[in-house]
Amino acid sequence: MTASVQVLQTNPPSLTSSKARSSTLRGLQSCSSMAELKQLHSQIIRLGLSTDNDAMGRLIKFCAVSKNGDLGYAYQMFDEIPHPDAFIYNTIMRGELQWELPRSRILMYLRMLEDSVLPNRYTFPSVVRACCLCDAVEEGKQVHAHVVKFGFGADGFSQNNLIHMYVKFQFLEEARRVFDKMYQRDVVSWTTLITGYSQCGFVDEAFELFELMPDRNSVSWNAMIASYAQNNRFPEAFALFRRMEEEKVQLDKYLAASMLAACTGLGALDQGKWIHEFIERSEIELDSKLATTIIDMYCKCGCLEKAFEVFEMLSHKGISSWNCMIGGLAMHGKGKAAIELFEKMKKEKVTPDHITFVNVLSACAHSGLVEEGHRYFRSMIEVHGIEPRPEHFGCMVDLLGRAGMLESARKLIDEMPISPDAGVLGALLGACKIHGNIDLGEEIGEKVIELDPNNSGRYVLLANLYANAGRWEDVAKVRKLMNDRGVKKTPGFSMIEMEGVVNEFIAGGRAHPQAKEIYAKVDEMLERIRLAGYVPDTDGVLHDVDEEERENPLYYHSEKLAIAFGLLKTKPGETIRISKNLRVCKDCHNASKLISKVFDRQIIVRDRNRFHHFKMGECSCKDYW
């Protein structure tokens, strides 16, 4: 670093007026700009304090860490100090972290050691964080050794940062070793390690640690609830939330966001509404992230009107809020409304990003808007300068494939500038199944399985294609390949929330305490819709092997059980909302349309791909799913 700050000592330090010194240092406390600081710096030079670590340290602190500072000027002053102390080094390193220069921070620490300046307890946390930020694994381990060598092995602040560092590197054994050796662990120590286990998928181990905590705060509860939600273990998230309520822990915006994510995963609208109302009652700050989480919850719990109401009330709509609302309209099959909202977004000068176009193209695909999809795909590239990613190509292939334009979809894949992934090819395979194109489906299906060998859905789709063509030997080969590779088929289940409790059903299952009444209601349902023209899709039972096990009776698929339970537990005219983890089968789709008509109910089903709104014998998807 080349010094350009000249050191002038007009008075020797011994003659410095203590009054002038005090006045200058007081001026530093109210300093608000670099222009002021440079004036104070010149006064310090005239007072003969340019080698005084206390005075220069205060100047450097403003330059390094103030929002109006100048790190370059801090470096210049630093280079002119003959013997900077630990405070000055730590201040420079704080500034480097604040200015996002973690590598420089590590080098500054090395310079500190070379200058024989002993680190103190404030040195190591910042250096450890710098190692985290630039993934400096080896340097991080060396810094850990220095923490012990310089006598800070018992310092909780340094130890917590080491745990965080090892968690960031996914070295859980090392993180646990630091944790176990701590003399005194605080909430940060426990919560950091819990988060580490969760992020690496060791949710049960995280919960064991959570249970051992002597004291918990809202951050600890949030870490564990978020762990369950992020790993799709929503029932455990709800159970822990109820326990948290019993222990009178205050809900904050972070806990609220985690619980809303759990409600979204389970389709638990009533619970989600309660959390939203609590946020409003408690006047919790509704920032953009939390608002988007609320909108997402309403969209994915089948309450699009409420989602739009929250969206419209936002005083400032960030790109994530727009994306979420456009995506919500898309998954509900309201393609034209999604496009209208996108056009409104552009008029309000909000710049779309790649997620925006995924949602717009998805809206076109779900609603069969081929021309519009082509137009927006071109606009994304030519007008907005966004290079298409695999997910954009996947939406376009899905759009063309659903519309029966299989050759156009194939041509698009062949012309992709990047190799198509399993998602892109899977969209074409699904279209081949819909339109019965065996030759193309077989070719694509084999490629998809090689790209995504652990995904049972890929095998199932190819097996379905063969089954629909009566090629049972090929079906058996696909089944054998799954068995040989140890790939297990995802079991189908449906969920319905009643009185704050999420009830889960599997095909043919009788574990529910009201199973007897539910099956009686299913029989009543089937009898009444037969009178309205229902004919079971027995072809689906014989050939369709992708959604629920063939050995389960067609009449007792999970969504039929969930609908029956909904009819039992709700009042006439109330909407029934169901979430399903797989694509709804053809027979259940036909049955649901007739149930909505015969029982005069709106039934909203969220399946793996989209929403189906059944009302008066029709579905919002118009049988396009």
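**Terms and their grounds**

Guide: In this predicted model, Lys253 has its place in helix 15 (residues 253-266).

Visitor: Why is Lys253 called buried?

Guide: The relative accessible area of Lys253 is 18%. Buried means under 20%, so Lys253 is classed as buried.

Visitor: What makes the pair Lys253 and Glu285 a polar contact?

Guide: The side chains of Lys253 and Glu285 are joined at 3.3 Å. The cut-off is within 3.5 Å for a pair of N or O atoms, therefore the pair qualifies as a polar contact. Leaving aside residues up to four places away in sequence, Lys253 touches Ile284, Glu285, Asp287 and Leu290.

Visitor: How do you know that strand 1 and strand 2 are paired?

Guide: Strand 1 (residues 493-498) and strand 2 (residues 501-506) run antiparallel and are joined by 6 bridges. Pairing needs at least two bridges, so these strands pair. In one of the bridges, Ser494 has Phe505 in strand 2 as its partner. The two strands form a hairpin with 2 residues between them, and Glu499 in the turn has a positive phi of about 55°.

Visitor: Which residues touch the most other members of the largest nonpolar core?

Guide: They are Leu37, Ile295, Met325 and Leu428, in a core of 164 residues. Helix 3 (residues 53-65) contributes the largest share of this core, 8 residues. Another core, of 28 residues, lies apart from it and includes Tyr534 and Ile595.

Visitor: What does Leu37 touch, beyond residues up to four places away in sequence?

Guide: Its contacts are Leu28, Cys31, Leu59, Phe62, Cys63, Tyr73 and Met77.

Key: Residues numbered from 1 in each chain as written. Predicted model: local features only at pLDDT ≥ 70, side-chain atom pairs only at ≥ 80, totals over all residues. Heavy atoms only, no water. Helix = DSSP H or I, 4+ residues; strand = E, 2+ residues; numbered from the N terminus. Core = buried A, V, L, I, M, F, W, Y, C linked by side-chain atoms within 4.5 Å. Buried < 20%, exposed > 50% of the residue type's maximum accessible area, 1.4 Å probe, protein only. Contact = heavy atoms within 4.5 Å. Polar contact = N/O pair within 3.5 Å; in protein donor to acceptor, adjacent residues only side chain to side chain.
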